[in-house]
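Reader: I would like to learn how to read a few features of a structure with care. Could we go through them one at a time?

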Amino acid sequence: MFEFKLTAPGQGSAPSGAEEQLYDLIVLGGGPAGLTAAIYAGRARLKTLVLTGYLPGGQPANTDVVENFPAFPDGVSGPELAQRLQQHAQRFGARLELDEAVGVDFSARPFVIRTPKATYQGKTVIIAAGAVPRRLGVSGEERFFGRGVSSCATCGGFFYRDKEVVVVGGGDSALAEGLFLTRFARLVTIIHRRDELRATKIYRERALAHPKIRFLLSTVVEEILGDQTVSGVRVRNVKTGQVSTIQADGVFVYVGMQPQTELFAGQLALDAQGYIISDRRQRTSVPGVFVAGDVQDPLYRQIVVAAGTGAIAAMEAEKFLGEYPDVSV
Ligand code: NAP
């Protein structure tokens, strides 16, 4: 069992004076991108604060096994990888806070980051706030979310021992988590809106061969049904128009990710999907504010890529501080 040991907001060795709250670098986000940035920044001897959010570890913390992070030929559990990254960042001196930005001001340096417990100032900032699972937007989803509808099989899969579950989506997440759910459920029905799966071949092969998994292709979920608990989904075949009901005790929604950028709208340039726009050096539209990981990546969204952009962002922040060390405090 791996546990995060962070400083709770306003506790522990958290400094209180204005001077102490000034950091060379503030990293927003405690997933692979943010923690890799903190490793690099710590080794560069930058005074670094990481605001991890309240669920530290990023997406790996909710992932059963990571099979494609280099140097782990037998795979590594997502929570273990997340914890190793955290330890690695702390080893080089980064301060990790279980806290979350609720307001930012990038209009002047030092940049200001407000959390519910403190106000911090950063000479530079790296945004590594990640992405969160998208919702389907159908009737019944909100009502049952967390009570039979979920986007985290590793959190709730255990409750579906010998039950029937539905997974919505046709990408890597849907198939990987569908495969994970076969450990518990007696039947996993993967419902995908097209007749072709988006997931990579390795997941397609495993899922298609699995005796507990069945696919409903060219099918959309129109409603999540239930009274006190989820009882199934109403689906429509997009080719025939036929409507039917699939019995299910749980519904797992994996229809892609949405970048967490609401906080930055109006302060940084975002693209039409809400991703932060950056250049090859991870620079945003505001000099001194850099970005890394899924919050700027609609294409690859891999742990190793997130870590790589985190490293670039930290190296660029260090360079920026060398060129523009002065801030008016
Ligand atoms: P994704 O690749 O964007 O796939 C989302 C899936 O949901 C697609 O099949 C999409 O259908 C479907 N979808 C989207 N909106 C929908 C809607 N409104 N109704 C019904 N279906 C909808 O997202 P993901 O699977 O979460 O993967 C995200 C990224 O993480 C990817 O880059 C993936 O490779 C990566 N990932 C990697 C691993 C791994 O390598 N171990 C594991 C998990 C995730 P269409 O196909 O028709 O667009």
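Author: Let us begin with Cys155, which at 48% relative accessibility counts as partly exposed, where buried means under 20% relative accessible area, exposed over 50% and partly exposed in between, with a 1.4 Å probe and protein chains only. This is a predicted model, in which local features need pLDDT of at least 70, side-chain atom pairs count only at pLDDT 80 or more, and totals for chains, interfaces and linings use all residues. Residues are numbered from 1 along each chain as its sequence is written, and side-chain values use heavy atoms, with hydrogens and water left out.

Reader: With which residue does Cys155 form a disulfide?

Author: A disulfide is a pair of cysteine sulfur atoms within 2.5 Å; here Cys155 is linked to Cys152, with the sulfur atoms 1.9 Å apart. The link is right-handed, with 75 degrees about the S-S bond, and Cys152 is buried, having a relative accessible area of 9%.

Reader: How is the protein divided into domains?

Author: Domain bounds come from an automatic or database domain assignment, which here gives domain 1 (19-132 + 257-323) and domain 2 (135-253). Contact means heavy atoms within 4.5 Å, and the contact takes four residues from domain 1 and six residues from domain 2.

Reader: Why does the ligand lie between domain 1 and domain 2?

Author: The ligand lies between them because both domains give residues to the shell around it. A residue is near a molecule if one of its heavy atoms lies within 4 Å of it; of the 19 residues around the ligand, those that come nearest are Asp172, Ser173, Arg194, Arg198 and Tyr203.

Reader: Which polar backbone atoms lie 3.1 Å from an oxygen atom of the ligand?

Author: A polar contact is a pair of N or O atoms within 3.5 Å; a backbone N or O atom of Gly170 lies 3.1 Å from a ligand oxygen, and a polar backbone atom of Tyr300 is 3.1 Å from an oxygen atom of the ligand.

How values were computed: Polar contact = N/O pair within 3.5 Å; in protein donor to acceptor, adjacent residues only side chain to side chain.
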